[in-house]
Amino acid sequence: MKLVNIWLLLLVVLLCGKKHLGDRLEKKSFEKAPCPGCSHLTLKVEFSSTVVEYEYIVAFNGYFTAKARNSFISSALKSSEVDNWRILPRNNPSSDYPSDFEVIQIKEKQKAGLLTLEDHPNIKRVTPQRKVFRSLKFAESDALVPCNETRWSQKWQSSRPLRRASLSLGSGFWHATGRHSSRRLLRAIPRQVAQTLQADVLWQMGYTGANVRVAVFDTGLSEKHPHFKNVKERTNWTNERTLDDGLGHGTFVAGVIASMRECQGFAPDAELHIFRVFTNNQVSYTSWFLDAFNYAILKKIDVLNLSIGGPDFMDHPFVDKVWELTANNVIMVSAIGNDGPLYGTLNNPADQMDVIGVGGIDFEDNIARFSSRGMTTWELPGGYGRVKPDVVTYGAGVRGSGVKGGCRALSGTSVASPVVAGAVTLLVSTVQKRELVNPASMKQALIASARRLPGVNMFEQGHGKLDLLRAYQILSSYKPQASVIVAIDEDDVSVLSSLSPSYIDLTECPYMWPYCSQPIYYGGMPTIVNVTILNGMGVTGRIVDKPDWQPYLPQNGDNIEVAFSYSSVLWPWSGYLAISISVTKKAASWEGIAQGHVMITVASPAEMESKNGAEQMSTVKLPVKVKIIPTPPRSKRVLWDQYHNLRYPPGYFPRDNLRMKNDPLDWNGDHIHTNFRDMYQHLRSMGYFVEVLGSPFTCFDATQYGTLLMVDSEEEYFPEEIAKLRRDVDNGLSLVIFSDWYNTSVMRKVKFYDENTRQWWMPDTGGANIPALNELLSVWNMGFSDGLYEGEFTLANHDMYYASGCSIAKFPEDGIVITQTFKDQGLEVLKQETSVVENVPILGLYQIPAEGGGRIVLYGDSNCLDDSHRQKDCFWLLDALLQYTSYGVTPPSLSHSGNRQRPPSGMGSAAPERMEGIMPGRYNQEVGQTIPVFAFLGAMVVLAFFVVQINKAKSRPKRRKPRVKRPQLVQQVHPPKTPSV
Amino acid sequence: EERAVRDRNLLQIQDHDQPIPWKVQFNLGNSSRPSNQCRNSIQGKHLITDELGYVCERKDLLANGCCDVSVPSTKQYCCDGCLANGCCGAYEYCVSCCLQPSKQLLLERFLSRAAMAFQNLFLAVEDHFELCLAKCRTSSQSVQHENTYRDPIAKYCYGESPPELFPA
């Protein structure tokens with residue numbers, strides 16, 4: 001409960017709250033700030049500002065010494081012959097350090113001076129200096145702020161302290177996510193999001209969203225709300241007999257899109273269709289959505305905003321229906337989710353190719369912490385995820401309509417989504433030839449015009465920040481003709497079809513993270529880039545012939561091989577093109593950059609042609625650039641077993657950490673680029689090369705790798721895999737296995753009743769699939785137990801936390817085994833009794849005695865490697881274990897530990913029984929498909945709001961959205977689909 | 001929570017006290033159509049159905065929105081893949097089959113018993129073609145446990161009953 005409370009503080013500006021949240025992502029960066037007495041009060045920072053005459057802030061594109069800054073400014077001003085200027089001294093402790101800005105005073109020829117300043121290559125921008133008047137006050141909840149007041153209440157946390165703390169990180173090159181350059185100067189905060197995005201320019205041209213039908217799927221809207229002039233229809237699809245919004249979410253969202261007064265929306269004249277699909281109790285069901293979506297299709301809705309989503313992309317009826325909707329020309333805009341900063345947290349339907357998925361930024365252009373990110377996980381384990389969100393826009397402290405009028409500020413991707421939906425609505429109304437507007441062409445225009453944020457990778461920002469006016473320009477020159485390519489602007493974006501991402505430069509950091517974080521080499525697993533094809537020509541299309549790889553020979557393009565897999569039909573409006581890149585044998589010891597491009601031609605039925613069978617064609621070029629290095633030695637290469645991990649749970653797979661009751665499902669993909677991202681970055685910084693195995697053990701060449709890393713495996717093993725792995729280990733491959741709990745009594749205890757499916761759910765495994773692992777390990781006389789332990793301890797002077805882990809039941813005599821004293825969590829769960837167990841074996845190290853044999857390491861808990869809900873990381877331990885497995889160096893801190901004990905013989909303890917027969921390959925059987933053919937037994941469907949803070953009565957704001965009906969340790973019936981408040 | 005479930009089920013129930021004033025016109029043929037334009041089912045991946053009940057491949061769709069009837073594969077009132085319960089494997093065949101003049105009785109009977117959840121939708125439907133487009137879509141009736149289809153194969157239904165629970 002304590003943790004939950006802390007989450008409540010997300011938007012609170014309290015520094016200690018921030019630090020606590022911060023350490024989930026930036027684990028190592030700073031000392032733990034004590035967080036005593038964090039209350040649930042909201043600290044409001046209010047301020048007003050005035051421009052200071054003659055003074056300007058010059059922002060540089062990097063950090064420079066005072067001397068360098070001075071020379072940049074003087075050289076710039078010299079060319080415009082401004083003499084009367086000076087740098088205003090700043091006397092503070094940071095003066096001695098490089099800075100990215102300078103305050104100057106210019107008393108003459110200001111305009112010319114400013115222009116030349118901005119032209120200087122090292123100067124990013126020049127803004128007037130402002131004097132800020134700030135007052136702090138605590139408030140219990142957000143008070144309604146009158147719209148016409150100049151004061152602004154900032155409800156999101158500034159990320160500056162965090163950013164600054166991360167500067168002290170001594171991390172690897174890929175970690176240079178450009179935090180320096182992404183620092184922004186605080187500036188006066190814009191009061192209206194529509195004006196900030198310059199919607200007023202389009203309003204003045206007479207475009208206000210007229211004749212565009214926009215649907216808001218939300219909590220409803222009251223009948224005579226003063227902000228709206230064109231509410232065409234309100235419908236209710238819930239079991240509550242009302243059309244009104246009792247919560248404020250729907251009103252706010254509708255206001256951002258179409259409010260005409262106070263806090264103005266983007267498209268006040270748009271025809272609003274209000275669909276009430278969420279109750280005041282924040283309940284919703286897939287079936288309500290299905291019926292409501294059908295109505296939206298019938299009503300020929302042009303733009304649909306869905307500030308709601310859920311993790312379950314395997315909810316086939318829902319996913320199919322969204323496809324159907326966009327196939328009927330409904331432009332769907334949806335929130336990417338509020339589960340950041342953890343990776344692997346994209347929500348459906350925003351993660352779909354045909355939907356515009358929107359992430360959030362604050363007014364300083366930082367990605368909002370809450371904004372979900374990381375690749376899509378549909379494609380795992382065999383493939384690689386797509387880039388999402390598509391665009392980002394303001395989602396923190398945005399003002400919109402209150403339930404009964406007035407304005408309020410809210411944060412969340414729930415807020416960012418209607419910003420884009422409103423902008424899209426406005427854009428649609430600017431297009432003369434409406435037939436040119438479709439979900440693909442609109443998305444093309446948005447992503448081609450988006451402004452990339454510096455220092456942020458594509459899995460956080462997508463194509464960048466929404467730029468309404470540039471999108472307008474692109475759309476206004478969008479002239480599709482019935483043939484080949486039409487370039488729309490200097491950016492050379494093809495109108496008819498385009499790709500996302502539009503180029504592949506695996507050397508570009510940080511934008512192309514994680515690709516840029518590890519060069520490729522001969523013998524490595526192919527690097528897969530999953531490109532989305534947008535086809536503006538028609539709802540259906542196909543790739544003509546095959547994608548064609550054209551290496552640039554002078555640029556060593558022949559040093560790579562490129563293979564493709566792609567959608568056979570591009571429908572609706574989109575498809576994927578997965579590009580696998582590997583290094584040719586002749587470049588096995590070569591180092592350098594290889595380049596080339598891929599050409600693809602897309603064809604769609606030409607619906608405007610009277611001749612039948614005619615097709616429109618469009619050809620797109622995708623430049624490719626990769627860095628190749630000589631193959632690293634075997635000892636440096638670590639293979640991550642993805643194949644035996646699960647992406648979205650097909651059944652009920654409880655969390656690895658049983659204390660995390662609010663988030664009981666493992667749904668982040670368990671990939672090194674999602675929730676094991678910190679571990680990956682750590683291994684890279686230690687010089688290891690980490691590759692991903694997305695296929696069975698029988699499919700890799702073990703002589704290439706020093707260590708196979710298996711963390712939290714849930715999948716079964718084929719007999720052929722077991723036999724192959726045994727041979728591999730005999731021949732020198734080492735294993736590091738981080739296991740987790742598995743106890744059938746506890747599993748029975750954590751079963752729960754689900755309202756949606758109206759059935760009892762029994763876990764398919766515990767945290768890990770120990771019976772399967774034990775089968776794999778049995779030949780070495782090793783095995784895990786069905787014990788369930790929890791506790792804090794110290795190992796080799798490191799503080800550690802064992803969160804719902806198991807113990808080692810059996811280990812060879814001549815191995816090294818470390819034990820600890822823990823609480824028996826199994827007993828606690830089953831009988832609510834506390835008992836302490838001494839000498840629990842948790843870590844085992846073993847050298848295969850045969851000549852050239854590998855080494856095996858077992859550890860009973862994986863929580864310390866997993867970014868989700870990790871309390872204390874154990875990357876140091878992983879380092880030590882890899883030293884052992886890769887180089888045979890036994891860490892003295894372990895071999896001479898006081899906790900070393902005789903290895904357990906396994907006598908007297910029964911091996912964990914299997915719940916029931918689980919066939920190998922059962923969970924991941926649709927390898928390589930985008931969406932499974934087989935309907936899974938429904939995992940939980942949950943659609944939730946993405947608003948970080950919303951006030952209903954006196955309820956306290958909650959940070960974590962219960963994404964799912966949550967099973968608890970004590971069986972209990974729970975409300976379905978509870979959106980967080 | 002039990003109440004919520006019961007309420008949800010209530011949506012599936014029809015209210016006999018308030019007969020719904022349907023406005024669906026079953027006037028078929030060219031009479032109501034402007035010139036030679038056709039509305040069609042828009043969404044299809046491979047197939048498309050026009051308002052005259054013709055199903056064709058997308059490439060055989062004419063600029064006026066009608067299927068090219070001179071192509072041999074174009075079929076009218078086609079019920080391929082439709083089961084006896086009125087559920088079909090493909091949306092386009094469901095619409096085409098539903099447009100058969102003989103289905104009018106069935107559709108009228110369905111409308112007279114339509115559940116509350118469908119009032120909004122079917123009150124807005126103007127004619128036989130719109131009714132078939134709307135009726136054939138998957139809906140709250142198509143799912144069990146919210147997130148799985150009752151029948152993942154034949155899920156598009158013009159008939160009165162929901163898809164058979166699969167496996168039956």
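Trainee: How do you know whether B:C98 and B:C132 are buried or exposed?

Mentor: This is a predicted model, and in it B:C98 is buried, as is B:C132. The word applies to residues under 20% relative accessible area.

Trainee: And what makes B:C98 and B:C132 a disulfide?

Mentor: Their sulfur atoms are 2.0 Å apart. The cut-off is within 2.5 Å, so the pair of B:C98 and B:C132 qualifies.

Trainee: Why is the disulfide of B:C98 and B:C132 called left-handed?

Mentor: Look at the torsion about the S-S bond: it is about -80 degrees, so this disulfide is left-handed. B:C98 sits in helix α2 of chain B and B:C132 in helix α5, so the link ties together parts 34 residues apart in sequence.

Trainee: What makes B:C94 and B:C136 a disulfide?

Mentor: Here the sulfur atoms are 2.0 Å apart, and with a limit of 2.5 Å the pair of B:C94 and B:C136 therefore counts. This link is left-handed, with -80 degrees about the S-S bond. B:C94 lies in helix α2 (residues 91-98) of chain B, while B:C136 is in the loop between α5 (128-135) and β5 (143-144), so parts 42 residues apart in sequence are tied together.

Trainee: Why is B:C94 called buried?

Mentor: B:C94 has a relative accessible area of 0%. Buried means under 20%, so B:C94 passes. B:C136 is buried too, at 0%.

Trainee: Over in chain A, how do you know that A:C864 and A:C874 form a disulfide?

Mentor: Their sulfur atoms are 2.1 Å apart. That falls within 2.5 Å, so A:C864 and A:C874 are a disulfide. With 65 degrees about the S-S bond, this link is right-handed. A:C864 is buried at 1% relative accessible area, and A:C874 is buried at 0%.

Trainee: What about A:C806, and where is the nearest cysteine sulfur?

Mentor: The nearest one belongs to A:C864 and is 12 Å away. A disulfide needs sulfur atoms within 2.5 Å, so A:C806 is in none. A:C806 is buried, with 0% relative accessibility.

Trainee: Why is A:C699 called partly exposed?

Mentor: A:C699 has 46% relative accessibility. Buried is under 20% and exposed is over 50%, so A:C699 lands in between.

Trainee: Last one: how do you know which residues A:Y859 is in contact with?

Mentor: Contact takes heavy atoms within 4.5 Å. Leaving aside neighbours within four places in sequence, the partners of A:Y859 include A:F738, A:L843, A:C864 and A:L877. A:Y859 is also one of the residues that touch the most other members of the largest nonpolar core, which has 81 residues.

Methods. Residues numbered from 1 in each chain as written. Chains lettered and ligands numbered in written order. Predicted model: local features only at pLDDT ≥ 70, side-chain atom pairs only at ≥ 80, totals over all residues. Heavy atoms only, no water. Core = buried A, V, L, I, M, F, W, Y, C linked by side-chain atoms within 4.5 Å. Buried < 20%, exposed > 50% of the residue type's maximum accessible area, 1.4 Å probe, protein only. Helix = DSSP H or I, 4+ residues; strand = E, 2+ residues; numbered from the N terminus.
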